[in-house]
Amino acid sequence: MAMESDMVQAEMVEAMEFHDLSNRYGVSGVPHTVVNDGKGNVIGAVPETNLMAEIQRAVTR
Amino acid sequence: MERLLNDNIVSQIREAFENLKHPVRVLFFGSKEDCDYCDDTRQLLEEVVAISDVLSLSVYDMEADADLARHFNVSMAPGIVIAAKEGDQITDLGVRMAGIPSGHEFSSLIQDLILVSGRDSGLNPQTREMLKALTKPVLLQVFVTPT
């Protein structure tokens, strides 16, 4: 998704190594995608349309 | 130093890299402070980029190269940026990793390299349109574990 828009940055974070950050977002299962510092959350591996819908919800919040 | 990737894995990766198209520059940001996995991550990346001529690696330090780290939005070490390279031009596509890409996440690293080299996200047309229409910054952080 980052490749398709200059607005988007995508980062894969190793949850065990950065457990303070995972705790902050309440990550308990993986994969867990946090959108804009917690404005949106997607838990589990979901189809791209679901993630896109969550992104759109997060940017309007 | 002992290699992290054995011959069998290297030949599997070489096969996966057969159709790599455009050059990719991997930027590694390490840190001397409190970074248990920096050395292993750097070595892993060195071994991976050695498998294909279209891949190259530059090694930086979070503290010594703080401006560059900021430019690429890297704040955690080890930090990895997978960028497009055209001639001398390095283009940040916003594709990053924080932490060692080992275990299951090693295949994510290989997949990211293939996607960036192909300059094609593989997403469906509707998703691409919606992404292109975004006017506000979006940061996606995908939390994963190696197992």
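Four parallel bridges tie S1(A) to S5(B), residues 95-98, while seven parallel bridges tie S1(A) to S6(B), residues 138-144. Strands count as paired here if DSSP finds at least two bridges between them. Helices (H or I, at least four residues) and strands (E, at least two) are DSSP runs, numbered from the N terminus.

A word on conventions: residues are numbered from 1 along each chain as its sequence is written, and chains are lettered from A and ligands numbered from 1 in the order in which they are written. As this is a predicted model, local features need pLDDT of at least 70 and side-chain atom pairs count only at pLDDT 80 or more, whereas totals for chains, interfaces and linings use all residues.

**Strand S1 of chain A**

- Six of the seven residues of S1(A) are buried, so the strand is largely enclosed by the rest of the structure.
- For burial, count the other C-beta atoms within 10 Å of a residue's own, with C-beta atoms placed from the backbone: 20 or more is buried, 12 or fewer is exposed, and in between is partly exposed.

**Where the chains meet**

- The contact draws 32 residues from chain A and 33 residues from chain B; two residues are in contact if their C-beta atoms, placed from the backbone, lie within 7 Å.
- On the chain A side, the elements giving two or more residues are S1 (8-14), S2 (32-35) and H2 (48-59).
- S1(A) supplies the largest share of that side, seven residues.
- By type, the chain A side splits into 19 nonpolar, seven polar and six charged residues. Ala, Val, Leu, Ile, Met, Phe, Trp, Tyr, Cys and Pro count as nonpolar, Asp, Glu, Lys and Arg as charged, and the others, Gly among them, as polar.

**The nonpolar core**

- The largest nonpolar core has 49 residues, and those with the most contacts inside it are Val26(B), Leu27(B), Phe29(B), Ile82(B) and Phe143(B).
- Such a core is a set of buried Ala, Val, Leu, Ile, Met, Phe, Trp, Tyr and Cys residues joined through C-beta atoms within 7 Å.
- Phe143(B) also reaches across to chain A: leaving aside its neighbours within four places in sequence, its contacts include Val13(A), Ala15(A), Val27(A), Val30(A) and Pro31(A).

**Chain B overall**

- Chain B has five helices and six strands, which run α-β-α-β-α-β-β-β-α-α-β from the N terminus on.
- Its radius of gyration is 16 Å, close to the 15 Å that the globule rule gives for 147 residues, so chain B is as compact as a globular protein of that length. The radius is taken over C-alpha atoms, and the rule is 2.2 Å times the number of residues to the power 0.38.
- The C-alpha trace of chain B spans about 50 × 35 × 35 Å along its principal axes.
- Buried residues make up 33% of the 147 residues in chain B.
- Among contacts in chain B between residues at least 6 apart in sequence, 68% join residues at least 24 apart.

**The hairpin in chain A**

- S2(A) and S3(A), residues 40-43, run antiparallel and are joined by four bridges; Val35(A) has Gly40(A) as its bridge partner.
- Four residues lie between these two strands of the hairpin, and Asn36(A) in the turn has a positive phi of about 45°.
- Asp37(A), in the loop between S2 and S3 of chain A, has a positive phi of about 55° although it is not a glycine.
- Asp37(A) is exposed, with 11 other C-beta atoms within 10 Å.

- Most residues other than glycine have a negative phi, and most peptide bonds are trans.
- The bond from Val30(A) to Pro31(A) is cis, with omega near -5°; Pro31(A) is in the loop between H1 and S2 of chain A.
- The bond from Ala77(B) to Pro78(B) is also cis, with omega near -5°, and Pro78(B) lies in the loop between H3 (66-71) and S3 (79-86) of chain B.
- Asp34(B) has a positive phi of about 50° although it is not a glycine, and is exposed, with 7 other C-beta atoms within 10 Å.

**Confidence**

- Chain A averages a pLDDT of 96, and 100% of the residues score at least 70; pLDDT is the predictor's confidence in each residue, from 0 to 100.
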